[in-house]
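Please load the sequence and the structure, and let us start.

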Amino acid sequence: RRLARAPWVEKVELDQSPAARVPEVRIICANSAITVSVLFDCSAGPGEAGRVLATTKCMAELATTYPALRPLTLVLKQLLVERGLNDPYSGGLSSFGLVLLIAFVLHQRRQRNGDGAENLGEALEEFLRFFGDEFDAERQGISIQKWQVFPLPTSLPADDDGGISAPARDPLTIEDPTNIFNNVGRLCSGVGALQRVFSEALRAVVAAHGSEGGSVLGRM
């Protein structure tokens, strides 16, 4: 109620949907496109206690380990916001999921190139190429524990004797380094659209090379 009365707030929403593992207050700021989420770390499910704080700590540690993570996240998050693919509860990719995917690419690049200064442009292109054109979400998952791509099972379990269908495979598999029971990409039903956006952004970036005027990121 106090937030709703604040002059900088346009709207306050409370998300307690079944898909939300923790209660979330969403604040839409007045006269801007900024949305703020406040998560309450009070869930009591198995392996859930402290999950929000653990996730926050994990992202902070990754940002320290890979300094390029922060600027790349800001650019790619803006890209997803403009395409309506930034909200996991409407089929998009969560901020944590995006951070993990970027960290995965940065880790692979560090393994190849050493610990020198990262080239942000090359890292951005590699991210867009890998997750836009090369990664197969139906057959592959991303392991953050082992920093590798792993094959998904070729078939799902058969129906049981009661005729209850086995649960469908999650649309996107991203291992949660803070909770081995959680798939960060489980709500990303728009993974096909997500990969098309990355692929189209790559084409725009490549086309911008050597052209006169305009912004490369603006073309994205």
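In what order do the three strands of the open sheet lie, and is the pairing parallel or antiparallel? The order is S1-S2-S3, and the pairing is antiparallel. Six bridges join S1 and strand S2 (residues 24–29) in the antiparallel sense; Leu-14, for one, has Val-25 in S2 as its bridge partner. Strands pair here if DSSP finds at least two bridges between them; strands (E, at least two residues) and helices (H or I, at least four) are DSSP runs, numbered from the N terminus.

A word on the basis of all this: the model is predicted, with local features needing pLDDT of at least 70 and side-chain atom pairs pLDDT 80 or more, while totals for chains, interfaces and linings use all residues. Residues are numbered from 1 along each chain as its sequence is written, and side-chain values use heavy atoms, leaving out hydrogens and water.

Now to the aromatic rings. Rings of Phe, Tyr and Trp (its six-membered ring) pair if their centres lie within 6.5 Å, and planes under 30 degrees apart count as stacked, over 60 as edge-to-face and the rest as tilted. By this rule there are eight aromatic pairs, including these two:

| Pair | Centre distance | Plane angle | Kind |
|---|---|---|---|
| Tyr-66 and Trp-147 | 6.3 Å | 70° | edge-to-face |
| Phe-130 and Phe-135 | 6.0 Å | 45° | tilted |

Tyr-66 is in the loop between helix H2 (51–65) and H3, and Trp-147 in the loop between strand S4 (140–143) and strand S5 (148–151), so their pair ties together parts 81 residues apart in sequence. Both Tyr-66 and Trp-147 are buried, where buried means under 20% relative accessible area, exposed over 50% and partly exposed in between (1.4 Å probe, protein chains only).

Thr-73, in helix H3 (residues 69–82), counts as buried because its relative accessibility is 16%. Beyond its neighbours within four places in sequence, Thr-73 is in contact (heavy atoms within 4.5 Å) with Leu-98, Val-99 and Ile-102. Ile-180 sits in the loop between S5 and helix H6 (191–208) and, at 69% relative accessibility, counts as exposed.
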